[in-house]
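Trainee: I have a structure open here and would like to talk it through with you. Can we go over it piece by piece?
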Amino acid sequence: MEITKRKQEMLKEFLPHLEKTSFVWYAWVTFLLAAIFFAIYCLILQILKGHIITGMRDNVVWGVYIVNFIFFMGISYAGALVSGSMHLFKTTWRGPILRIAELTTIIALFIGPLYILLCIGRLDRLPFLFMYPRIQSPITWDVIAITTDLFGCLIYLYLSFIRDFALMRDSKDIKLPKWRINIYKALALGYQDTPTQRKRIKNVTNIMSAMIIAIAIIVYSVLAWIFSVTLQPGWHSTIFGPYFVIAAVFSGAGVIIILMRVFRSIYHLEKYITKQHFVGVGMILMILSMFFAYFTFSEYLTKWYGSKKLDDNLIQILFTQYFWQFVFSNYVGTLLPIVIMGIPKFRTINTITFAAIVAVLALWMNRYLIVVPTLETPYMPIQDTRPEWILYSATWIEWSLTFGGIAMFCFLFTLAAKIVPIIPVSEVADAELEMSHALAHDQENLNALLGKSTKKHVILKKEDHDL
Amino acid sequence: MDESQNDKKNNRRKFLRVSFLTGLSVVAAKTVFADIPVDPENETGEMITLLSPDGKLVKVAKEKINYMEKYISPEASRQGIPHRKFVMVIDLAKCKNARVCVEKCQKAHHLPPQQEFMKIYLMQESEESAPYWMPKPCFHCDKPLCVSVCPVGATYKRTDGIVLIDNERCIGCKFCMTGCPYSARQFNWADSPYLHVDQPYSPETSVPGKEGTVSKCDFCPDMIRDGKMPHCVTGCPMGVIYFGDQLEDIVTNGDETIRFSELIASRSGYRHLEDLGTKPSVYYLPPVNRQFPVDRGFDHPDEINQRYKDVPYVKKMHKD
């Protein structure tokens with residue numbers, strides 16, 4: 001029963017975040033809602049006036065919308081991969097950041113697909129995707145894959161919430177309106193923390209975390225195939241599947257670090273999210289940036305070295321017109337995390353966060369460089385007089401909708417943090433207990449070595465553990 | 001939809017199974033009858049008297065009558081014209097960028113001045129090689145990537161080789177546009193007066209276009225059904241474009257009718273970007289023994305000539 005008490009104590013620490021809403025919170029939410037509503041206004045404009053108000057034209061038919069789509073889906077799969085693998089491999093320090101990773105997954109997964117809808121000329125015909133599906137089309141693969149992923153992630157997220165919902169239901173200190181407690185009660189599904197229930201939830205979570213990893217890899221590869229099944233010189237590449245998966249986890253790890261930093265400051269979680277966590281996720285970021293740099297290098301090296309005419313056109317445009325963007329996304333974005341994480345002296349919470357921000361921006365730019373310059377260098381030379389038909393530049397409509405999506409991400413995260421503690425209390429308390437057991441176990445071994453009788457003690461501890 | 005319309009629809013379908021050149025044009029209701037097997041279940045034995053073109057009255061089973069109308073519904077347009085495989089041969093030696101094919105096509109398909117189903121490129125493989133004019137319609141590939149990637153089946157390959165778009169089905173995802181390596185497809189980016197044409201939509205005419213959907217060269221199946229050539233073929237004053245049936249092994253540019261296989265063999269016909277494996281239905285004859293110097297193609301307003309400013313030959317020309 002000691003553990004239940006500890007959990008309630010810990011929950012009490014987080015209750016103020018759930019109970020009270022400050023002026024700043026309202027101001028922040030108002031700002032976000034304003035951005036979201038402005039984006040909705042832009043969307044209505046786009047529907048009424050047509051895609052002519054975007055920067056997309058017959059050559060560059062996909063612009064920042066599809067870039068945002070890849071970007072948000074990437075963050076989402078990364079959240080799934082990071083939380084899934086940390087759970088599966090029982091990373092000891094995973095507890096406090098698990099929920100941030102899971103929420104990132106699900107929220108980004110809601111926003112990502114909205115962007116592909118923005119690329120669609122006739123939104124009124126969206127049901128056709130289900131009425132007349134053609135399995136040959138990678139878009140149909142994507143529809144199936146994303147739906148599967150969405151359900152999988154929702155189940156995984158919900159599983160990790162149940163125990164905390166039960167805690168909040170049982171809490172005596174909670175000062176929330178009755179209806180909210182009732183919602184928690186309903187969502188807790190009668191979880192009473194009995195050993196059987198505990199075992200069951202643990203098993204299911206293990207299975208789901210393994211499945212989530214597989215689904216995430218498949219789904220992001222399918223997304224990459226949308227590009228690589230076409231014959232476009234910049235896209236028709238066999239490494240696109242793994243390249244996209246790596247890029248996704250890279251950007252997602254960055255977003256998780258940024259969110260850790262934000263919540264650490266706002267909620268004063270210094271006790272829970274420590275430098276160890278930043279270094280831990282930072283290491284993931286560094287390893288992935290190395291992989292990412294490797295993939296990027298081999299992708300462009302082969303294009304440049306063999307220099308087929310069309311590949312050459314693409315390389316030309318990347319190293320002239322897009323030179324600085326290319327340097328930023330593929331040099332700075334990959335080298336900075338390596339330098340900051342690679343040299344222990346540079347590793348502080350703030351520098352790691354900085355590296356993460358740069359990595360995330362660089363990854364967005366990398367996707368832009370994959371999508372736009374390729375479409376600007378088609379097989380048939382562009383022989384048109386209208387400048388906007390030759391080169392793409394996003395209009396304010398597209399930018400507003402981009403920022404609208406980011407605002408939506410922040411808004412949903414802010415709301416989620418109001419509904420559940422941002423730290424998975426049960427998980428963290430259990431980890432603490434395990435840690436103390438491990439310590440006790442070490443102590444016993446030590447005592448045994450010293451020849452002291454600890455038999456009684458061992459039995460006691462064992463009982464506690466079974467709970 | 002009332003019953004008589006239903007009847008007509010069924011009859012139209014039957015008509016699709018009829019070769020486009022066979023058949024007799026008949027009296028008032030623009031009807032045609034043809035020799036096709038009739039579903040025995042529908043046979044009523046009712047006979048109808050019709051006037052044949054040579055002035056004789058003939059009796060025909062009611063079921064055998066097909067109503068010849070211009071209108072082919074989107075659903076009906078998914079079937080090809082039977083026993084045909086349409087091909088186009090473009091003789092690059094004769095093209096001088098007169099742009100009549102472009103204009104005729106634009107007029108027939110109600111396209112705004114800047115939107116071209118048929119585009120004319122000034123090609124030059126390398127700085128040393130000779131520049132030439134290259135008219136480029138949709139290639140109606142036999143292995144069309146645009147058809148493979150379409151998520152809703154809005155674009156389809158017919159038995160007669162034609163690739164069409166049903167703009168009542170198209171959701172406007174533009175995936176086909178990235179899939180096509182020949183930039184054949186265009187998007188209707190905004191509503192415009194060109195899209196408002198008072199006639200029922202058919203994928204065979206591509207008219208009227210619809211905002212937010214994709215359109216492209218359709219090989220003019222509506223003209224073919226009338227026994228006529230596509231607008232670009234009839235429009236070209238130089239006889240550059242040959243059109244015909246690969247199964248019949250015949251192509252014509254209006255002036256001369258030649259065996260397709262002989263033309264390709266004797267003039268070393270080729271397909272553009274053959275190595276992509278899309279198997280186009282459009283063949284090119286290399287620009288040898290030209291009838292006109294390339295410069296004759298610049299007899300156009302600046303706006304048109306400007307298009308070709310990046311071709312090395314033009315750059316050099318401006319320098320001299």
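Trainee: How many residues does the contact take from chain A and from chain B?

Mentor: Bearing in mind that this is a predicted model, the contact takes 36 residues from chain A and 37 residues from chain B.

Trainee: And which helices of chain A supply at least two residues each to the side that touches chain B?

Mentor: Those are helix H5 (128-131) and helix H6 (138-170) of chain A, and H6(A) gives the largest share of that side, namely three residues.

Trainee: What is the side of chain A that touches chain B like by class?

Mentor: On that side of chain A there are 19 nonpolar residues, along with ten polar and seven charged ones.

Trainee: Switching to chain B, why is strand S7 largely enclosed by the rest of the structure?

Mentor: Strand S7 of chain B covers residues 132-136, and four of its five residues are buried, so the strand is largely enclosed.

Trainee: In what sense does S7(B) pair with strand S6 of chain B?

Mentor: The pairing of S7(B) with strand S6 (residues 119-123) is antiparallel and runs over five bridges, with Lys119(B) standing opposite Lys136(B), which is in S7(B).

Trainee: Now Gln291(B), where is that?

Mentor: Gln291(B) sits in the loop that lies between strand S15 (282-285) and helix H8 (302-305) of chain B.

Trainee: Why does Gln291(B) count as partly exposed?

Mentor: Because Gln291(B) has 14 C-beta neighbours inside 10 Å, a number that falls between the limit of 12 or fewer for exposed and 20 or more for buried.

Trainee: Which residues is Gln291(B) in contact with, leaving aside neighbours within four places in sequence?

Mentor: On that basis, Gln291(B) is in contact with Ala93(B) and Lys94(B).

Conventions
Residues are numbered from 1 along each chain as its sequence is written. Chains are lettered from A and ligands numbered from 1 in the order in which they are written. This is a predicted model: local features need pLDDT of at least 70, side-chain atom pairs count only at pLDDT 80 or more; totals for chains, interfaces and linings use all residues. Two residues are in contact if their C-beta atoms, placed from the backbone, lie within 7 Å. Ala, Val, Leu, Ile, Met, Phe, Trp, Tyr, Cys and Pro count as nonpolar, Asp, Glu, Lys and Arg as charged, and the others, Gly among them, as polar. Two strands pair if DSSP finds at least two bridges between them.
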